[in-house]
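Biologist: I would like to learn how to read a model of this kind. Could we take it feature by feature?

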Amino acid sequence: MKLFDVYPLFDITPVKAEGCYVWDSEGKKYLDLYGGHAVISVGHSHPHYIGRITSQLNQIGFYSNSVQIPQQKELAEKLGKISGYNDYQLFLCNSGAEANENAIKLASFITQRKKIVSFKKGFHGRTSAAVAVTDNPKIVAPVNASPNAVILPFDDVQALEESLKTGEIAAVIIEGIQGIGGIHVPSEAFMTQIERLCKQHGALFIIDEIQSGYGRSGRFFAHQYTSVKPDIITVAKGMANGFPVGGVLIAPEIQPWHGMLGTTFGGNYLACAASLAVLEIMESEKLVDNAAKVGNYLIEKLKGFSQIKEVRGLGLMIGLEFEFPIKDLRNELLKKHGIFTGVSGTHIVRLLPPLSLSMEQADIFLSAFEKALATVAVT
Ligand SMILES: Cc1ncc(COP(=O)(O)O)c(C=O)c1O
């Protein structure tokens, strides 16, 4: 059997990783400014992470969600404390799309409405409801296309109000910071209006923090730069540093009933051990503060490059938009300087490194970036 060929691949085979570095099968070392697509939060192969998963595996690896799993409660308590959402409830699942799928389903159950508002350039995953509210027709199969998905212009309060006034909207979903769409930070004013209008018209406010959450922005959640408090928050990516985990944080007034949501693998022992290890490391190494410090340093320095049209982002979630296609620049960084970066479309470089990136590593990137830009500009 061969693999179903859906990914364009780099000709690189990583075989080892540590901290912010990755090594390929030929022994070449790479600085990871991509974090495996914003997933590596506490750094690769952290000893505490490895130790916690290993010791859990040596005890019990899996049982179903029909028994007591104290690690789930421990995780919910710790996440509540660290994120500032102590009084919320946690539903555990296995991926970002699944977290959004459940969040949307929950909003629909609670409001008994069908329609969901989302925004242009937004990405929420590839499952049925999540992809329907994602602004990319290329990944929406006919079976997913839905008249219940209302995709509105970003930052357009009037369009939002008109839509909510119909009384048909179950929820409004927005990313804490748009990731795949090219790193767009919603303004405090827009977020506040969404919150106000949702309350006024009986819709739930969902913030998708799958990419922007878990400390990446320099706050635990990107929306914590504003005063809003959503009804539902979705998380995944950095939550377990690569172990497949997703979560839905749910406001206390939303009442569950048995059978409302469910999953076979969600919240399994290993997923909880990996997620707890991440929170423990984030706490002991103050990684949210580090993301703010190193991220703001990078953003300031990058703003000094005249070749960049716009630098956007917060903390270690950074987008660099260029007037020219960035394919050559990315290749130069990767091949010549051994630096992984991310991309958005054809003209935007995305930086999503582990939250443990040091100032020295930021400087290594900046110096390579300067050289790579000079080469690309000449050729
Ligand atoms: C904001 C956002 N939401 C949802 C998803 C989907 O997550 P997953 O790929 O784990 O299903 C992603 C993935 O890139 C994302 O960036």
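This is a predicted model: local features need pLDDT of at least 70, side-chain atom pairs count only at pLDDT 80 or more; totals for chains, interfaces and linings use all residues.

Biologist: Which residues come nearest to the ligand?

Modeller: Ser95, Gly96, Ala97, Gly125 and Gln211 come nearest, out of 14 residues around the ligand. By class, the shell holds 5 nonpolar, 7 polar and 2 charged residues.

Biologist: How do I read helix 4 itself? What span does helix 4 reach from its first C-alpha to its last?

Modeller: An α-helix has 3.6 residues a turn, so residues three or four places apart point the same way. In this case helix 4 has 16 residues and reaches 23 Å, close to the 22 Å expected at 1.5 Å a residue. After helix 4 comes glutamine 112, whose phi is positive, near 60 degrees.

Biologist: How many of the residues of helix 4 are buried?

Modeller: Helix 4 is mostly covered, with 12 of its 16 residues buried. Among them are Gly96 and Ala97, which are also listed with the residues that come nearest to the ligand. Glu98, Glu101, Asn100 and Asn102 are buried too, as are Leu106 and Ile110.

Biologist: And the nonpolar core? Which residues have the most contacts inside it?

Modeller: In soluble globular proteins, nonpolar side chains tend to be buried together. Here the largest nonpolar core has 110 residues, and Ala171 and Val172 have the most contacts inside it. Helix 8, residues 269-284, gives the most to this core, with 11 residues. The core draws at least three residues from each of domain 1 and domain 2.

Biologist: What does valine 172 touch, leaving out residues up to four places away in sequence?

Modeller: Valine 172 touches Val117, Ile194, Cys198, Ala203, Phe205 and Ile206.

Biologist: You mentioned domains. Where do they lie in the sequence, and how do I read their contact?

Modeller: Domain 1 covers 14-46 + 286-378, and domain 2 covers 47-284. Their centres, taken over C-alpha atoms, are separated by 26 Å. The size of an interface is often given as the accessible area lost when the parts come together. Here we can count residues instead: 28 of domain 1 are in contact with 30 of domain 2.

Biologist: Which element supplies the largest share of the side of domain 1 that touches domain 2?

Modeller: Helix 9 does, with 6 residues. Other elements that each supply at least two residues include helix 1 (35-38) and strand 11 (308-314). By class, this side of domain 1 has 14 nonpolar, 11 polar and 3 charged residues.

How values were computed. Residues are numbered from 1 along each chain as its sequence is written. A residue is near a molecule or strand if its C-beta atom, placed from the backbone, lies within 6 Å of it. Ala, Val, Leu, Ile, Met, Phe, Trp, Tyr, Cys and Pro count as nonpolar, Asp, Glu, Lys and Arg as charged, and the others, Gly among them, as polar. Helices (H or I, at least four residues) and strands (E, at least two) are DSSP runs, numbered from the N terminus. The expected span of a helix is 1.5 Å times one less than its number of residues. A residue is buried if 20 or more other C-beta atoms lie within 10 Å of its own, exposed if 12 or fewer, and partly exposed in between; C-beta atoms are placed from the backbone. A nonpolar core is a set of buried Ala, Val, Leu, Ile, Met, Phe, Trp, Tyr and Cys residues joined through C-beta atoms within 7 Å. Domain bounds come from an automatic or database domain assignment. Two residues are in contact if their C-beta atoms, placed from the backbone, lie within 7 Å.
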